[in-house]
Amino acid sequence: MCLAIPAKITELDGDDMAVVALEGIKKRISTALVEDLAVGDYVLVHVGYALHKVSPDEAARTLQLMAEAGVLQDELDEMTGADQ
Amino acid sequence: MNIQDPKLSARTGSIDMAHGGGGRATAELIADLFQHHLTNPILDQGNDAALLPPAAGRLVMSTDGHVISPIFFPGGDIGSLAVHGTLNDVAMAGAEPLYLTAGFILEEGFPLADLERIVISMARAAETAGVPIVTGDTKVVEKGKGDGVFITTTGLGVVPDGVHVSVERAKPGQAILLSGNIGDHGVAILSKRENLEFETEIRSDSAALHTLVAGMISAAPGITVLRDPTRGGLAATLNEIARTAKVGIHLEENAIPIKPDVKAACELLGLDPLYVANEGKLVCFCEPGDADAVLAAMQAHPLGRDAALIGTVTEDDAHLVEMETEIGGVRVVDWLAGEQLPRIC
Amino acid sequence: MKYVSEFRDKDLAKSVSAAIRREADPGRTYNFMEFCGGHTHAIFRYGVQDLMPDNVAYVHGPGCPVCVLPVRRLDDAVEIAERHNAILCTYGDMMRVPGTKQRSLIRAKADGADIRMVYSTLDALKIARDNPDREVVFFAIGFETTTPPTAVAIKQAQKEDLTNFSVFCNHVLTPPAIAHILQSLDVQDLGTVEIDGFLGPSHVSSVIGSKPYEPAAEIFGKPVVIAGFEPLDVMQSTLMLIRQINEGRFEVENEYTRVVTRDGNLKAQALVAEVFNVRDAFEWRGLGTVAKSALKIRKTFAAFDAERRFEITPKQSREVKSCECPAILRGVKKPTDCKLFGTVCTPDTPMGSCMVSSEGACAAYWTYGRFRTKAARPQKEAAA
């Protein structure tokens, strides 16, 4: 539900509108729902509106947790000489 | 028929019922617009039917109706699309295309300037491909009974000896090759569609594939299946083949080439690129031993630079197309009921 | 694609999968309901189940706003377009959903109704501006993610005095639906559906925050993990749910921290509160009547409320008799339990909304995993 995609803000205009880029795709969207945006920020885009800023720190932290999840297994495998 | 002083001004004005009446207006339209741009020795014979020399081999014929909207899009138009589409259908039989026909159904009120633009585009496409448009037809329908212009093209070609490309030759164990990036055409069309517009450099990949096919057949005359994944995308084409040949297909998602922009546009709109139309790509099935040679031949051609091995034919009573996903799971790539629509959920 | 591709990484998937296999207690089963249709879609589209041990399973929930829209409301939308000659603007998802007598928006369009597919309310507003002498009605559906954009559109219409623009409001609320499912007889007394925990909605939560789920988690004693939509998010959240259960916890945890906070998007929430209030009750396809689970447009914006503007005939809408969508939406039955699945009901000829919505359980089963066991077999053999 709620297809939303992170996209980068490339232009902000004063009228609650912005241009976002997703790779080379550009689309005009509304920023009426989010405050304090700057060019370069990533926002979650849903039906033509920015819903929320994407936090780079939290994204990195989540990826780190996912990577660590398997770490103990790697160590165990190393100890027992098991194949992955 | 050569009219010295055509009264027709192709740059202003639009199609009216007289143009389809068969009288002088029709003749002027044909001479000043169609024949003027599409000129070639056979067309210039000036007869209703084209007289052709004997063919040096087994004949292949294919026909297509083109009703696309918008008529003009980034990377092409209904005219070039029609030419490339039929050339490709003939090429997918492993044949060398020799001649094309073009029939037009025009809606009353269709701008002559647009028609000329389309015909010029067809002339260019045919010339680049080295295949003449040798005969054609024009009809006009009342306003409201057509969508601007409908074009039907038929192509005639010849299959070299020793070449037998046909869907029932698909057998388990064969390699599946794809000539390049998927989804360009569909995304280019969508980007211009009302209420969906987005800015992109993506252009339709519409192109004639027969010289690419010729190179591939040279490398491996034993190629078994060739298809161009147009409407319905790669998924539709592979499902058709699996169903008809009664085989299964296994794909690797990570091996399927796609431009980052096309992938991004699909993500934005909630589309699966596997179902998005292409107009300048082909899939090829061949014996595993031939795969390297065919791939090399594809990559050596401008239209096959991004060619890749994307899967294999399997044994499967259910005739399914399965795919190992990006994360290593498996999903079925089903045959969609209708056109894929953008979604918000 | 940044913040997308990293969460589809194969090696990371192996890592999380290994952790799940290690930590899932082989002496029990784990059944998690993914509330959101988007999660159903992700699970099938990426084959997430293949990376899970046999004792971890997903129960598909009703978080598909297309699936839960009562037939009557869809019939009403068709009526607005046909009887009142309005330009009906709709998201693509609704186009093929069958209403009474299989009448969908796409059928009505083929019969001449002016129904236009839009990507955004911004497009609908433009259509209203471009067609000042026509009524333009926006068919609003969706959970809390999609509601703020409708609120903005209504306020914008008011600002511009777009008197020909109105909204047919069918927005629904998530926490009441989750509570309703947990309360229902099936779960509590008959134990027909075993739900050990929930994968909470991703983008609904970016708007409403993780706070609203706390009462449900506490009262019913079930853990909730707010999960992102990418396959790695689903997997990591599953791991977090397994840990909670193993440790006897039932909290609301947040895996999707890159866009979800405890409070959510306060600006969006305020706008929604300004434009909408809560209906006393609303009928959900499958769940029946759920109290305080849907929104209507406030009196102050009555001019933009299609329900007030157009006379809509009361209807006796009918579902197809043997359609099991109601049970499937509650997770009580699987698509394969429905007599119509795959025979009379296919994506070509959908009998109920679960088959036609891109994230309905039936559509997901059909499109991605019709012959699931065969598709899964090579994978399992490889792992053995």
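How far apart do the C-alpha centres of domain 1 of chain C and domain 2 of chain C lie? I looked this up and found 20 Å.

**Basis.** I worked from a predicted model, in which local features need pLDDT of at least 70, side-chain atom pairs count only at pLDDT 80 or more, and totals for chains, interfaces and linings use all residues. Residues are numbered from 1 along each chain as its sequence is written, while chains are lettered from A and ligands numbered from 1 in the order in which they are written.

**Domains of chain C.** I noted domain 1 as 1-18 + 28-321 and domain 2 as 325-383; the bounds come from an automatic or database domain assignment. Domain 1 of chain C contributes 32 residues and domain 2 of chain C contributes 22 residues. On the domain 1 side, α2 (37-46), β2 (56-63) and α3 (65-68) of chain C give two or more residues each. I took helices (H or I, at least four residues) and strands (E, at least two) as DSSP runs, numbered from the N terminus. The largest share of that side, six residues, is from α2(C).

**Chain C against chain B.** I recorded 44 residues from chain C and 23 residues from chain B in this contact. The elements of chain C that supply at least two residues each include α1 (10-23), β4 (115-117), α17 (361-369) and α18 (372-383). Here α2(C) provides the largest share of the chain C side, five residues.

Key. Contact = placed C-beta atoms within 7 Å.
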